[in-house]
Amino acid sequence: MALKRDYRYRPYDSDVIGAVKRMINQSKILVYGDPRLRRRAQEVEDPSMCDALVKRMSHLLRDHHGAGLAATQIGEDKRVVIWLEEGQTRTLINPVLTLGDEEEIGFEGCLSVPGMAGLVRRAVSIRAEGFNLKGGPIKFDASGMLARVIQHEVDHLDGVLFIDRVEPGSLRPMPANEVLGI
Ligand SMILES: [Zn+2]
């Protein structure tokens, strides 16, 4: 017996697509497929001029219950990343990371790849250098989850998504509230 299925688009499909597009536009966070996520972001010439951008990113990050966000994820071609640390927004501008030798595998998700998670190998510890919002140089060491979040965000500035780095076969659908949203 032949299996009869009708794969033609039904009239309501255009409404569904419209609704999804509206949802994406409202979210203001670019999602997988948008070429702007694949650009290498530009260095910021004057880090002290990033206040408004960081404020906007911080609001979006909290609205989406994320852990970190890169400027490229909202279509801004600037090397700026933020993350939450003990409830506070931390900012790193023009980041340069030095990765430790030890690596570990952990689950990651991404606000730009909604509903998916996968295992990614990252350096356990990093040294981060860059500039703060006042334009002053900063340097600090981080490890564990914080090091993972910062590596993920700096990848975004180079047009790299976590799905490029997943352990083969580990990418799977996962509800947003169960994944680290970065
Ligand atoms: Zn991400």
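1. Helices (H or I, at least four residues) and strands (E, at least two) are DSSP runs, numbered from the N terminus, and the expected span of a helix is 1.5 Å times one less than its number of residues. Helix H2, which covers residues 51–63, has 13 residues and reaches 18 Å from its first C-alpha to its last, close to the 18 Å expected at 1.5 Å a residue. After H2 comes histidine 65, whose phi is positive, near 55°.

2. The structure is a predicted model, in which local features need pLDDT of at least 70 and side-chain atom pairs count only at pLDDT 80 or more, while totals for chains, interfaces and linings use all residues. Residues are numbered from 1 along each chain as its sequence is written. The average pLDDT (the predictor's confidence in each residue, from 0 to 100) is 89 for the protein, and 81% of the residues score at least 70. Where pLDDT is low, the predicted coordinates should not be read in detail.

3. The protein contains 3 helices and 8 strands, and along the sequence these follow the pattern α-α-β-β-β-β-β-β-β-α-β. Of its 182 residues, 32% are buried; a residue counts as buried if 20 or more other C-beta atoms lie within 10 Å of its own, as exposed if 12 or fewer do, and as partly exposed in between, with C-beta atoms placed from the backbone. Two residues are in contact if their C-beta atoms, placed from the backbone, lie within 7 Å. Among the contacts with a separation of 6 or more, 69% are between residues 24 or more positions apart.

4. Two strands are taken to pair if DSSP finds at least two bridges between them. An open sheet of 5 strands has the order E1-E2-E3-E6-E7, with antiparallel pairing; its edge strands are E1 and E7 (137–143), each of which pairs on one side only. The twist from one strand to the next averages 40°, where axes are lines fitted to C-alpha atoms, for helices over the stretch in contact, and angles run from 0 to 180 degrees between N-to-C directions.

5. Within this sheet, E1 and E2 are joined in the antiparallel sense by 3 bridges, and glycine 68 stands opposite tryptophan 83 in E2. E2 and E3 pair in the antiparallel sense over 6 bridges, with isoleucine 93 in E3 as the bridge partner of valine 80. The hairpin of E2 and E3 has 2 residues between the strands, and in it glutamate 86 takes a positive phi near 50°. E6 and E7 are also antiparallel, over 7 bridges, and the bridge partner of arginine 127 is aspartate 141 in E7.

6. Another open sheet has 3 strands in the order E4-E5-E8, with antiparallel pairing. Strands E4 (103–108) and E8 (172–173) stand at the edges, each with a single partner strand, so one side of each is left without a neighbour in the sheet. E4 and E5 (residues 116–123) are joined by 6 bridges, and glutamate 104 has arginine 122 in E5 as its bridge partner. H3 (residues 144–157) packs on this sheet too, touching E4 and E5, and its direction makes about 105° with that of E5.

7. How many residues of H3 are buried? H3 is mostly covered, with 12 of its 14 residues buried, including Arg148, Gln151, His152 and Asp155. The 14 residues of H3 should span 20 Å at 1.5 Å a residue, and its end C-alpha atoms are 21 Å apart, which agrees. Just after H3, glycine 159 takes a positive phi of about 75°.

8. A nonpolar core is a set of buried Ala, Val, Leu, Ile, Met, Phe, Trp, Tyr and Cys residues joined through C-beta atoms within 7 Å. The largest has 33 residues, and those with the most contacts inside it are Val81 and Ile150. H2, E1 (68–70), E2 (80–85), E3 (88–99), E6 and H3 each give two or more residues to this core, and the largest share, 6 residues, comes from H3. Not counting residues up to four places away in sequence, valine 81 touches Gly68, Ala70, Leu92, Pro95, Glu153, Val154 and Leu157.
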